[in-house]
Structure formats: C-alpha cells, structure tokens
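Have the structure open as you read.

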Amino acid sequence: MTANTGKVNLLGLTQPQLEQFFESIGEKRFRAGQVMKWIHHFGVDDFDAMSNIGKALREKLKACAEIRGPEIVSEDISSDGTRKWVVRVNSGSCVETVYIPQGSRGTLCVSSQAGCALDCSFCSTGKQGFNSDLTAAEIIGQVWIANKSFGTVPAKIDRAITNVVMMGMGEPLLNFDNVVAAMNLMMDDLGYGISKRKVTLSTSGVAPMIDELAKVIDVSLALSLHAPNDELRNQLVPINKKYPLAVVLDACRRYVAGLGEKRVLTVEYTLLKDVNDQPEHAAQMIALLKDFPCKINLIPFNPFPHSGYERPSNNAIRRFQDLLHQAGHNVTTRTTRGEDIDAACGQLVGQVMDRTRRSERYIAVRQLDSEGEQPRSAGPRT
Ligand code: SF4
C-alpha cells in the first residue's frame, strides 16, 4: 500500500478545486494557476522548486499539501517506440499505462480502475474482478508520469502526448467524478492542453452515465460494441442485460448529437473466431449502425491462456472489414505494436496471469491502433 500522508494531493485537483484549496488556507485564488503550471507543465513535485512562490507560502504548502503521482514500478520502451508503465496506486494494486507513437501523433491509453466488475467474457481485466477506483490524481498521474518521461517538460509540453484514451483497465463511467476531473485536467491549458476531440472515453455501455457525461464534458466517445445483437452481447458484455443495445445506442446518439461539429462515435468490435466474425454478424452490424454517425475499429482478438476464444484468420478479418466497408462504413483493423516489451495483447495477458499468481494485483492495458487514435485491446477492455 502507498503511504497515506494525510496531506491534500494537489495533482488531481482541477483549477476550481485548487482555487478553493488556496482560499481554504487563506491564500489568493490566482495561486492555483501558478501551481498548476508547475505541476503539469513542468512536472514539478517539490514546492521548493516553485520559484515564483514565496518561501512562506512554500513552507505552508509543504505542511498541508503534496504533489504525489502513482509509484512507478517499471517503464519499458519497445523498439517500435511503444512505452509501457506499470504503476502502483493507493490501494496497492498496479495498473498499466501504454503510449503508442504513430507519426506526429502519440496516444496514451490510461486506466480508470484497478480491475473491473463488469466481467466481459473475453477480457483479462474482467477476470481479475474489481479492486478499486483510481483517484483523479492517480488517473491524471498516469499522464503526468508519461509526460515527464518524454523529457518534453517544459519546452515541448504536450508534443509527445497528442491524444489520450480512457481505455485502459476499468469502466470509466463507473468512476465518473474522478474520470471527469482527470479529463478536464487533460484538456485544461493549465494542465495538458489536449483538444476535446483528442480525449476519448470508452465505455462498455453504461447508458445512464453517457447522458450524465453529456451534461458535464464534451470529449469524444467510444463504445465497446463487440456484438451486433442482444443475445450475443449478453454473453460477451454482460452489462448489456441491464442496458441493451437499443438503449445504449440511443444514449450514444444523443451524446454525439450534442457534440455537433460533425463528430462521430467510435465503435470498437473485437473479432472472436466463429463467435462474432461471420458474415451474418457483419450484416447485423450494418443494419444496427445504419445512418449512425460512427467509425468502426475492428480488433482481432489476441488469445491469452484459458480465454476460451481464438483470433479469426486473416481472411475472416478481411472479409468482415470488406463487408462493412462496402456498406459505406469508415472501418479500420488494428495492428500489433510493442510486442518486445510484452505490450502486445497475448504477451501482456500472460504477464498479468503470472503476476497474479505471485499475488501481485496487476492489470493489463489496451494497445493503440496503428493510427494512434484508438487503442487496441490487450485482452479487450472498455
Ligand atoms: S472490457 Fe472493459 S468493461 Fe469489460 S471487463 Fe474489461 S475492462 Fe471491464
């Protein structure tokens, strides 16, 4: 377990929250902007390094506050530029963060929970069960750690990380407040200044929370579909029994319509051999998504031990993609990255299983696709 110091961790506070904090200790609100720049632009975690803050206030801050990200357990860099961090959070669990560079784009895949309660049948994270929600500091802390590791602080802030996807471990809509706070920090100019179009939340389909999300933020949305009918989706994504496809898609349609500006839903579909990869599934998907403003990412499954599923043949994958494409859909199929650091799907799941046997709480995280905008699944998750 990470030590609980009893101090206020400023890392996860949004600007209004930080302004409130300064007021609460009898200081001016403008201090919030100064401190946010030190934390997020310069990667500082030491109040004494904040040269535009007087000594008296620095001492006051040291007594009641801290800037503390998750503990880095390991950082690996692939020959293809993919990076993977394992970090330990307050609950004692470890989560992973993966960075995939692609041309001028760099996408960071961030976790929202340690474990997951939703138990999707093909997901290694779901098989581990739920451990804890990540705090806002632990979520934005993954961005903070990655940003610092690129050496882009302070001169080239946000150049390495151009996109963030909430597609790591966990269902982000079930850790709503912390995820929203962290995403606001990602987009804030005093945080990481990432465009709302380039911050994506991926959900398995917690329909009511999609409507709640629309009330507070306008990030991009992705839906983990994985099945084109309720009967099959009930098996693969059990939360579908509570929020069936029609309900979820209606919520997604409302959300995307509210975004305006020709923005679309990203639909993720993990292809499982002989389960959901047949022409009739493609036909059902075409009917389901008819006239829906979306783009589709196909994710060929990468088997992990005891998953019970197999990856479809390349021919089956191509056939599925072609059918969607011929129906007029914008569809891509993801490719593998980061295999040499066990960031590839099957490899990562194997490591998760091994570490779990050693009683370490551990998670897997999605990889990102070749376009860098949406992640691939390392054992598909939200
Ligand atoms: S796919 Fe997402 S929602 Fe489903 S069990 Fe995995 S992490 Fe949870």
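Helices (H or I, at least four residues) and strands (E, at least two) are DSSP runs numbered from the N terminus.

You are looking at a predicted model, in which local features need pLDDT of at least 70 and side-chain atom pairs count only at pLDDT 80 or more, while totals for chains, interfaces and linings use all residues. Residues are numbered from 1 along each chain as its sequence is written, and side-chain values use heavy atoms, with hydrogens and water left out.

Which residues of α9 are buried? They are Leu245, Val248, Leu249, Ala251, Cys252, Tyr255, Val256 and Leu259. Seen down the axis of α9, these buried residues fall within an arc of 155 degrees, so they line one face of the helix; the arc is that of the directions from the helix axis to the C-beta atoms. The cover over the buried residues of α9 includes α7 (207-216), β11 (220-224), α8 (230-236), β12 (265-271) and α10 (279-288). Contact here means heavy atoms within 4.5 Å.

The length of α9 also checks out. The helix has 15 residues (245-259) and should span 21 Å at 1.5 Å a residue, and its end C-alpha atoms are 21 Å apart, which agrees. The expected span is 1.5 Å times one less than the number of residues. After α9 comes glycine 260, with a positive phi near 65 degrees.

One of the elements covering α9, the helix α7, also pairs with α6 (residues 176-187): their axes come within 12 Å and cross at roughly 35 degrees. Axes are lines fitted to C-alpha atoms, for helices over the stretch in contact, and angles run from 0 to 180 degrees between N-to-C directions. In this pair, Phe176, Val180 and Met183 of α6 meet Met209, Glu212, Leu213 and Val216 of α7.

Now to the cysteines. The unreviewed UniProt entry carries a "binding site" annotation covering Cys116, Cys120 and Cys123; UniProt positions are given in the numbering used here, feature names are shortened, and annotations may be inferred rather than shown by experiment. Cysteine 116 is found in the loop between β7 (113-115) and α4 (124-128), and cysteine 120 has its place in the loop between β7 and α4. Leaving aside neighbours within four places in sequence, cysteine 116 is in contact with Thr125, Gly126, Gly129, Phe130, Gly170 and Glu171. Cysteine 120 touches Leu236, Val237 and Pro238, not counting residues up to four places away in sequence.

Most residues other than glycine have a negative phi. Aspartate 274, in the loop between β12 and α10, has a positive phi of about 60 degrees although it is not a glycine. Aspartate 291, in the loop between α10 and β13 (294-300), has a positive phi of about 65 degrees and is not a glycine either.

| Residue | Relative accessible area | Class |
|---|---|---|
| Cysteine 116 | 9% | buried |
| Cysteine 120 | 13% | buried |
| Aspartate 274 | 59% | exposed |
| Aspartate 291 | 66% | exposed |

How values were computed:
Buried means under 20% relative accessible area, exposed over 50%, partly exposed in between (1.4 Å probe, protein chains only).
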